[in-house]
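Let us walk through this structure together, starting with the whole and ending with a few single residues. Please keep the viewer open as you read.

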Amino acid sequence: MALSRRRFLQVSAIAASAALHESCTHPPWAGRGKASLDRPNLLLVIVDSLRADAVYERWVRTPNMQALAGHGLRFTNAFPEAMPTVPARNSILAGRRVFPFRGWHDYPGLIQAPGWAPLHDFDRALPSVLRRAGYWTVYVTDNPFLGFSRPYAPLRQSVHRFVRTGGQIGGLKPVSSVPDDVLNHWLYPAGLSAKTRERVGFYLANSRSWEDPRKTYAGRVFGNALKALDDAAAERPFALIVDTYEPHEPWTPPPQFLNIYGDPDWRGPEPAMPRYGKVSNWVGPDEADALIGRIRDLYAAEVTMTDRWLGRLLDRLHDLKLERETVIVLVSDHGVLLGEHGWTGKVQAALYPALIRVPLIVVDPGRRHAGSSSDFYASTHDIAPTVLSMVGVPAPDAMTGVDLSRPFSGRRLPERPYAYGGYSDSFFIRTEPWALFAYNRPGNFELFDLRRDPGQYENVATRYPAVVKELHGKVVARAGGPLPWYGGI
């Protein structure tokens, strides 16, 4: 069936916009090569900070993502092997595990935290492999690190066209260009710092979404993707990677999306930038429940807005009659804690499902296994070998992920009895009966019996030391030795 969302999208539609973007077009390499026109195209959509339950459990309105799942195979146990932003994208593009982050050091232009390092073999990463195979390659993003940092210049040069939107962090327009009433509306007094004020201020100054909803970063990224898709239709086969930083905070959704969820009695200010850590460390018990409720509303509104723009892109694919010629993959780098277990944000000491479980949907052009699901422990490093298999391009030996498309041709996925990975100086491992996470240095283990406690509320590490030893041992063995410790940077 053709994807169709028009009846939904006609409700509070947003016109496409490509305002305030920068486009980098690089000269072709020695030659594009000749790829068979019979090879399918690729549309890979990476959505930052998208929780699996926001797509699969329908507490957030994501009709386009759900429609996509109805046309493809969704993986219900997908866990990034490396987090957060940059490590996860390295895993996605390289097709191999990057955790643990051995030999890490600080790189100018990236955040000073373990795992924040560029790929050192861009020529063997997904965009380069596809380009050498004859694909017209485009990368569209507002990710400030991949888009602007010096360590990622080789990635930007490895595709035919790199389209970037700036201003997510910093930007050309100063905070002073934001009216005081607008800025203060999005600054929650509890836990407010000069750093938070600057972060939200620059974000608003360079988005100016209060002036026009089309100026949201999701609107700009997908607006650029729409233009790129129109060009790509004449350059088949193409590989279009759309990497949106939304719904990463700050959460400043236009009223038409917030009003879907928001408490009509809420008078602000808005907690657009929650603190990373324990809720009890920045608000008292009297306001915690209301605050967490509002944070969830803001996040949900941002996800719905991003979903709306994704629908525009999928509709254009349908209008161009390319949906049956295109492999489509939707994935996220990680989730975000919205009050679960008393935490907000992305915290390496709290590797609960809200943070480490992500949606992963793979759509076959022939719609094989449409609407089905798999509980296989899928991960981010599986994506590159999967799409290369689906488009008939051999994967480099360096790509060690699993081809998740095997069920489309009647083949079984290999045995993978657990998922494991890491965030900064911490690790996690999940099996069917157990979940364990801790710092990389031994100690402070958090163990949960998922059969009796699926919500992970009771730490039973001291009760089952043998289980802790076994699970920790599996991670250490797979990682090739003791996990690196950088001091909790």
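The protein has 15 helices and 17 strands, and the model you are looking at is a predicted one. Along the principal axes, the C-alpha trace spans about 60 × 55 × 45 Å. How does the radius of gyration fit with a compact globule of 489 residues? Such a globule would have a value near 23 Å, and the protein has 22 Å, so the two agree.

Of the 489 residues, 62% count as buried. If you take contacts between residues at least 6 apart in sequence, 75% of them join residues at least 24 apart. The accessible surface comes to about 18900 Å², and carbon and sulfur atoms account for 51% of that area. As for charge, there are 57 positive and 49 negative charges in the protein, and their mean positions lie 5 Å apart.

An open sheet of 3 strands runs in the order β8-β11-β10, and its pairing is antiparallel. Its edge strands are β8, at residues 277-278, and β10, at residues 337-338, each of which pairs on one side only. In general, the strands of a sheet pair through backbone hydrogen bonds, in either a parallel or an antiparallel way. To find one of the partners in the viewer, select L337 and look across to G345 in β11.

Next, have a look at P385, which sits in helix α14 (residues 383-391). Is P385 buried or exposed? Its relative accessibility is 7%, and because buried means under 20%, P385 counts as buried. Which residues does P385 touch, once those up to four places away in sequence are set aside? They are G95, M399, G401, V402 and D403. Another proline to compare by eye is P396, 11 residues from P385 along the chain, with 8.6 Å separating the two C-alpha atoms.

Prolines also bring us to the cis peptide bonds. One of these joins F99 and P100, with omega about 5 degrees. P100 lies in the loop between α4 (85-94) and α5 (126-132). A cis peptide bond also leads from R236 to P237, where omega is near 0 degrees. P237 belongs to the loop between α10 (217-232) and β7 (238-244).

R58 has a phi near 65 degrees, which is a positive value in a residue other than glycine. You will find R58 in the loop between α2 (52-56) and α3 (63-71). R367 also has a positive phi, near 60 degrees, and it too is a residue other than glycine. The loop that holds R367 runs between β12 (360-363) and β13 (372-378). Where do these arginines stand in terms of burial? R58 has a relative accessibility of 60% and therefore counts as exposed, whereas R367, at 9%, counts as buried.

Terms used:
Residues numbered from 1 in each chain as written. Predicted model: local features only at pLDDT ≥ 70, side-chain atom pairs only at ≥ 80, totals over all residues. Heavy atoms only, no water. Helix = DSSP H or I, 4+ residues; strand = E, 2+ residues; numbered from the N terminus. Rg over C-alpha atoms; globule rule 2.2 N^0.38 Å. Buried < 20%, exposed > 50% of the residue type's maximum accessible area, 1.4 Å probe, protein only. Contact = heavy atoms within 4.5 Å. Areas by Shrake-Rupley, 256 points an atom, 1.4 Å probe, with all protein chains shown as cover. Lys, Arg positive; Asp, Glu negative; His and termini not counted. Charge placed at Lys NZ, Arg CZ, Asp CG, Glu CD. Pairing = 2+ DSSP bridges.
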